[in-house]
Amino acid sequence: MFNQKKFIVSHAPFWHDESKVSVRYYNILIATLPAVIFGIIQYGMPAVAVVSLSVSSAIFWELLMNRLTKRPITITDGNAALIGMLFAMLLPATSPWWLVVTGTFVAIVIGKHIYGGIGANPFNPVMVGIAILTLSWKGFLNFDQALLNYDLGYSMVYPLAALKNFGTVAIGAFSPGDLLLGRQSGGIGATFGLGLIIGGIYLMLRGFIRWEISVSFLAGVFITALIFHLFDGARFGGPVFHILTGYTLIGAIFLATEDSSSPANLIPMFIYGAGGGILTMLIRNIGIFHDGVVFAILIMNILNPLLDKIRPKAIGKVV
Amino acid sequence: MLKKLFGGLATPRIDYIPLEGRLPVPVNILLPPKVTLVLDIAMDAKDAILPKIGDTVKTGQKLTLVEDGRVYAISPATGTISAVTPFRGEMGQVGTAVLIDTAKKEDPDDQFAAAAQEPALASAAAFLAGLPGNPPFKVFGDPEKSIHTIVINGADGDLLVATQQFVVQSRIDAIAKGIAVLKRITGIENVTLAVPVNVMGGYGSIGAEVKFVDTAYPSALPHMILKDVLGKVIPAGKGAEDLGVCIFNAEAVASIGRAYEDGKIPFQKLLTVIKKDGSKGLVSARIGTPVKDILKAVGETVADRDRVILGGPMTGVSIYTLDYPVRPDTDALMIQDKDSIPFVSDYPCINCGECLRVCPAKIPINMLVRFLEAGQYQEAVDLYDLYACFECGLCSYVCVSRIPIFQYIRLAKYELNRIETAEVTNV
Ligand code: SF4
Ligand code: SF4
């Protein structure tokens, strides 16, 4: 009896599908690469600097918070790196270093850790970071100002700003094909529509993001933009233009789908996505900001817990 | 180890792998030198009359453990009682193990033979509760449940297990006899046989309506059978018998048929053995046979830190000793190599929603798990449908954070049950 073998004893199930948090976030990181690499090719070393600093400082803040809160070190799960990466993708290539470091601090420390870390944040940390920066240092996030010294062989005006200031005549120069291929000014990783879409399709097929949110977000933008455009074609841009400019695609694919701050049930996902898309267009067309994606997503984040209450009745539930 | 079988867009599903082609021949395990009989009564229970060491028992001899005959066991072999010890099952279940040194020569007991002349519910309940397949005769004795339908489950609830399917395909005559007996002794005419869709038929004159069970896990668990086959939804926290339905395993029904035909209680239990390399086969072993004797017979070796599981990968029970016996409801024995045991973690829920998508009971697990982790069990029941869970294990299987969700659920139910029992006994 005493020299008996020692077995592992635990409760069922004894199998796992081998998914892992780190695999999930590293895959999303991989999906950002087409858009990011394109941005780096376009904007050169300054873009490399912003991306590297953003990712590394995000990881640094994460490590610091792990240490301060005396919790296990979580920098290897890929979440902090992803936050840093997405944050960099939204910035102009010329952002000064302190702006990047401050932004990742806000994202990681205030956006994520204050609420209890991964899975507990009610807002998308990247959105919190960028929103604070937009409100605090408006000029640095103004793409027309920030990218003034670049000449990449196409009109270096920020399409959404041009539209807002001068109406649809100002955006005639942007063909959908050009926009899709990234011939527009904007954030490092936010302009190359095709790259973002490829990343998005990859993530949807692998199940790393919930397609319901992305698709309904885009549908919300499309339909709302179309209504406005039909109403006053001289003032409001068309749906395709709005989908291919600003943060729309990166928002639909990488930002609105952040796990913790978005709903997980079917109907709430559609409402959340569509709501984000509609709000984006309302802010763009009648609000004061050029782009509405950041605030639209933050507003939907607030509604998320409420939305996710709409859920199927559990089988066998007796009410 | 099964890999993730579903992409992001498709509906998640894992399929049962059916027993196909020529039926395997079960390996017959010889009667071991010692068998263990497990009795569902605590050793220290006040009214227990336990067998004594040194007593001899015959094959088929009934050991009554309480004066009124409520709890009994039937010896699966002839021999001498060599030990009586406390037995602890999963989640603190208490019982008593009786070890019998088996004799070379079998000496059959004929108490049942007399009773078998005239099939009746009383004799079935008095002798057949420990049959291979574990027939739930108890339910018929419960005055609060009036059973009007019998469902015979010919599909195996867990993945990889092929025991019930095998019985359906190889012992159809015994099942037909069992059905006839069941109808006669219970007076219930409404009998349904549920079989896997891909198991070939020949059920013409079986005496029951034949219905098919889907191939996606967990279609063959009782809750899903009732829902898909009978169109009845079991209310949260209740069982099939609360709807007037009694579920028998195919093997139990075949055993009943055999018992009444031969006037002898059958003791050979069929089980699927799933080896470390994933290969599987069937064995037929005397109830009470220790796991170690089965492993020896099928040529499987186990090492430290392997896992030995009674049942399948999703709902089985892992055991800590190879002395553990085959019991009437042991449908499978699975060995997992230490290198293929997935680890669980205490990482927080990231709200990815994978669990919601797979849960057949539609439980908001992403929320539930937060309450379970915090030990707020009552809230888990009130707000997040804890009792609707019918224990398929899929949520733990897919959880990206590798949270032992299902384990938490079991613990919560166990704790709530304990509190309830304490309250009841206090009044
Ligand atoms: S074990 Fe998990 S997946 Fe299965 S019914 Fe219960 S909560 Fe749902
Ligand atoms: S699968 Fe795990 S991590 Fe994902 S929502 Fe469910 S409990 Fe949370």
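How far apart are the mean positions of the positive and negative charges of chain A? I looked this up first, keeping in mind that the model is a predicted one, and I found 11 Å between the mean positions of the 19 positive and 13 negative charges of chain A. I then turned to chain B, where the mean positions of 43 positive and 49 negative charges are 4 Å apart.

**Entry on chain A.** I went through the secondary structure and found 14 helices and zero strands in chain A. For its overall form I noted that a compact globule with 319 residues would have a radius of gyration near 20 Å, and that the 21 Å of chain A agrees with this, while the C-alpha trace spans about 85 × 50 × 30 Å along its principal axes. I recorded 58% of the residues of chain A as buried, and I noted an accessible surface of about 13,000 Å², 72% of it belonging to carbon and sulfur atoms.

**Entry on chain B.** Here I found twelve helices and 16 strands. The radius of gyration of chain B is 22 Å, close to the 22 Å that the globule rule gives for 427 residues, so I noted chain B as being as compact as a globular protein of that length. Its C-alpha trace spans about 60 × 55 × 50 Å along the principal axes, and buried residues make up 55% of chain B. The accessible surface of chain B comes to about 18,300 Å², with 53% belonging to carbon and sulfur atoms.

Technical notes
Residues numbered from 1 in each chain as written. Chains lettered and ligands numbered in written order. Predicted model: local features only at pLDDT ≥ 70, side-chain atom pairs only at ≥ 80, totals over all residues. Heavy atoms only, no water. Helix = DSSP H or I, 4+ residues; strand = E, 2+ residues; numbered from the N terminus. Rg over C-alpha atoms; globule rule 2.2 N^0.38 Å. Buried < 20%, exposed > 50% of the residue type's maximum accessible area, 1.4 Å probe, protein only. Areas by Shrake-Rupley, 256 points an atom, 1.4 Å probe, with all protein chains shown as cover. Lys, Arg positive; Asp, Glu negative; His and termini not counted. Charge placed at Lys NZ, Arg CZ, Asp CG, Glu CD.
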